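Subject: Structure for you to look at

Hello,

Here is the structure I promised to hand over. Please open it alongside this email; my notes follow below.

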Amino acid sequence: MGIRIVIADDQAMVRAGLRMVVESDPGMQVVGEAGDGREAVAVARRTRPDIVLMDISMPRLDGLAAARELLETPSPPKIITLTTFDTDENLYAALRAGTSGFLLKVSPPEQLLEAIRVVHSGDALLDPAVTSRVIATFAGRADPTPSPALSELTPRELEVLRLLARGLTNAEIAKDLFVGEATVKTHVARVLMKLGLRDRAQAVVFAYESGVVRPGAA
């Protein structure tokens, strides 16, 4: 069956274009479409996709609200938000809502397909350095609130979380900690599980908002 995808956008021509791009990859399948946020929630619940491509600006229920609603369901799909506006505010709002990625509608087709593959594999779509910059900017506006869940992490897992928030890849973390990449993947998986997070993007948000790292920290 490949990667199952729902496309949610209020413009029929945009949906048609996205469907054409997605179905050009034999490993992907569009299992549903929606023209507004409320319909997106209903279609996703009915079809149980792996990924929802979610427009931010839609009638009845905007994409971020629809994403939040879907992500509260058991075994939720991963969500890539789509927008025509490349703004830090939209990016932060999308990440804060718990989505796994953010993509401009003007992105080339191959970037969309790669984004779907990356998010489906369990990673965050955005370059971690970009994510870190945005989260640092917005999370720095308020005093961080330490989470009780941090006490569940071992010292090594806490260090891995700090390095994730700094934008390091698994390979870079492995080099920094003098361990193998497989060990880093295990640490990352345990950090996400213990903190109840879906992916690296959420881990970056959590790290800044809980004060594990602070804006401007090296």
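First, a term. A residue is called buried under 20% relative accessible area, exposed over 50%, and partly exposed in between (1.4 Å probe, protein chains only). By that cut-off, 50% of the 218 residues in the protein are buried.

Two notes on the source. This is a predicted model: local features need pLDDT of at least 70, side-chain atom pairs count only at pLDDT 80 or more, and totals for chains, interfaces and linings use all residues. Residues are numbered from 1 along each chain as its sequence is written, and side-chain values use heavy atoms, with hydrogens and water left out.

Overall make-up

The protein has 10 helices and five strands. These are DSSP runs numbered from the N terminus (helices H or I, at least four residues; strands E, at least two). Contact means heavy atoms within 4.5 Å. Of the contacts with a separation of 6 or more, 66% join residues 24 or more positions apart.

The sheet

Five strands form an open, parallel sheet in the order E2-E1-E3-E4-E5. Two strands pair if DSSP finds at least two bridges between them. E2 and E5 (101–104) are the edge strands, each pairing on one side only. On average, neighbouring strands are turned by 25° against each other, direction ignored. For angles, axes are lines fitted to C-alpha atoms (for helices, over the stretch in contact), and values run from 0 to 180 degrees between N-to-C directions.

E1 (residues 3–8) and E2 (residues 28–34) run parallel, joined by six bridges. Ala8 has Ala34 in E2 as its bridge partner.

Leu53 is partnered with Ile80 in E4.

Helices on the sheet

H1 packs on the sheet and touches E1, E2, E3 and E4. Its direction makes about 165° with that of E2. H3 (residues 63–71) lies across E3 and E4, at about 155° to E3.

Asp55

UniProt lists Asp55 as "modified residue: 4-aspartylphosphate", in an unreviewed entry. Such annotations may be inferred rather than shown by experiment. Asp55 sits in strand E3. Is Asp55 buried or exposed? Asp55 is buried, because its relative accessible area is 4%. Leaving out residues up to four places away in sequence, Asp55 touches Ala8, Asp9, Asp10, Gly63, Leu82 and Lys105.

Best wishes
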